[in-house]
Amino acid sequence: MSMKLEAKIKAGEFIVLGELEPPKGADFSILLKNANLVKGRVDALVIPEMANAVMKASSLAGCAYLQGHGFDTVMQACCRDRNRLALQADLLGAAALGIPSVMAVQGEDITFGDHHQARAVNDLDLLELLGMLQTLGRGKDMAGIELQGAAPDFLVGSTFNAGAAGGALEVELAELQKKTDLGVRFIVTTPIFEPDRLKAVLKRIDTSRVAVIPTVLLLKSAGMARYIDRNIRHISIPPDTIQSIQKAGDKAYQCTKIAGELVAAFREMGLAGTLISTIGWEDKLPQVLDIARL
C-alpha cells in the first residue's frame, strides 16, 4: 500500500500527482529527467497506459523504472488492450515490483490513436476490473485459484467525468457509488477549467469515502484551448481563459500561469488534491508548481 498517498488521503492533506507520459521508444532517460525536475514536490507520478490509444511504452514498465529510482508511482490498468489473463499477470508483476498504486481506466477508443488496425479487447469493463483488483487483494485469481504468497495490496483509484450534466451526471454518480463499493479510494476527474462548476458536483459526492482529485490540463496555445472547448465532450474552457492566452506576450508562460492558478484554486477549495497533466510539456511542471506555491 502506498503509505505516502494513503496517509495523506486519510489525513486530508493536499495531494499533488504529476502525469508523465512514457516514451514511444525504449530509452527511458527522458522519463527520469522529467521526474527529477519535480523530485520531492509531487506525491506520486501517474504513468498513463497508451493515452488516446497512441502506442507507447507500457505504464507498468514506466512505473517499475521510476520506482527503481526512488519515485512513488501510480500505474494505469486499462480495459481496452488486455484480457483478464494479461491484466492479472501485469498486476501481480506490479505488486512484485513494489508499485503501490493502481488507477483503473477504460481507455479511449482505438480510433483516437495511431494504430487503427488494432483490435480493442475490453474483455472486462471498468467495474469488472475493479472487482478483479479486489479478488486479487483477497489472495485469489479470477478463476478462484489461490495466489502463492502475499496478496497484492494496492491503493486503488479510477476516473470520474466531472463535466457530465443532466442524465449523464446521474449515471456518473451511480457508477461512482459502485466504484467506491469496489474499493476505489481516489478518483481523478476529467480536466476542469472552472472550479466553481465542480462545487455543485462535489455536493453530490461523499468525499469521506473517496478522494476527489481534479485534473489540471496544461494548455499549449489559444488554438488548443479553442479546439478542446468546441470538440471535446464534457470539457468547457471559459472565453476569458482563451482570450488571456491570445493576448499574452509570452503565451507559454500564460498557459503555465492558468494551470498554476487552477491548482491553487483547488487547494483553496479544500479538495483532496490535483493531477497536473502536461502532455509533452513536462519540463514546465516545476513552473506550474511555483505559480501554485507548492
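Visitor: Where does arginine 80 lie?
Guide: The model is a predicted one, in which local features need pLDDT of at least 70 and side-chain atom pairs count only at pLDDT 80 or more, while totals for chains, interfaces and linings use all residues. Residues are numbered from 1 along each chain as its sequence is written, and side-chain values use heavy atoms, with hydrogens and water left out. Helices (H or I, at least four residues) and strands (E, at least two) are DSSP runs numbered from the N terminus. On that numbering, arginine 80 belongs to the loop between β3 (73-78) and α4 (84-96).

Visitor: Is arginine 80 buried or exposed?
Guide: Buried means under 20% relative accessible area, exposed means over 50%, and partly exposed is in between, with a 1.4 Å probe and protein chains only. The relative accessible area of arginine 80 is 2%, so this residue is buried.

Visitor: Which residues is arginine 80 in contact with, leaving aside its neighbours within four places in sequence?
Guide: Contact means heavy atoms within 4.5 Å. The C-alpha atoms of arginine 80 and valine 121 are separated by 5.2 Å, although the two are 41 residues apart along the chain. With neighbours within four places left aside, the contacts of arginine 80 are Glu49, Met50, Ala53, Gln106, Gly107, Glu108, Ile110, Ala120, Val121 and Asn122.

Visitor: Which residues have the most contacts inside the largest nonpolar core?
Guide: A nonpolar core is a set of buried Ala, Val, Leu, Ile, Met, Phe, Trp, Tyr and Cys residues joined through side-chain atoms within 4.5 Å. The largest such core has 77 residues, and its largest share, 7 residues, comes from helix α5 (residues 126-137). A second, separate core of 17 residues includes Val74, Cys78, Val188 and Ala211. In the largest core, the residues with the most contacts are Leu45, Leu66, Leu91, Phe160, Ile205 and Leu219.

Visitor: What is the C-alpha to C-alpha distance between leucine 91 and leucine 136?
Guide: Leucine 91 has its place in helix α4, and it counts as buried because its relative accessibility is 0%. Beyond four places in sequence, leucine 91 is in contact with Met75, Ala77, Val102, Met132, Leu133, Leu136 and Phe154. Leucine 91 and leucine 136 are 45 residues apart in sequence, and their C-alpha distance is 8.8 Å.

Visitor: Why is the pair of phenylalanine 28 and tyrosine 65 given the class it has?
Guide: Rings of Phe, Tyr and Trp (its six-membered ring) pair if their centres lie within 6.5 Å; planes under 30 degrees apart count as stacked, over 60 as edge-to-face and the rest as tilted. A search of the whole structure finds 1 aromatic pair. Its ring centres are 5.3 Å apart and its planes lie at 75 degrees, so the class is edge-to-face.

Visitor: Which residues make the contact of α9 with α10?
Guide: From α9 come Thr241, Ser244, Ile245 and Gln246. From α10 come Lys251, Gln254, Cys255 and Ile258.

Visitor: What is phi of histidine 234?
Guide: Most residues other than glycine have a negative phi. Histidine 234 is found in the loop between α8 (222-231) and α9, and is partly exposed with a relative accessible area of 27%. Its phi is positive, near 70 degrees.
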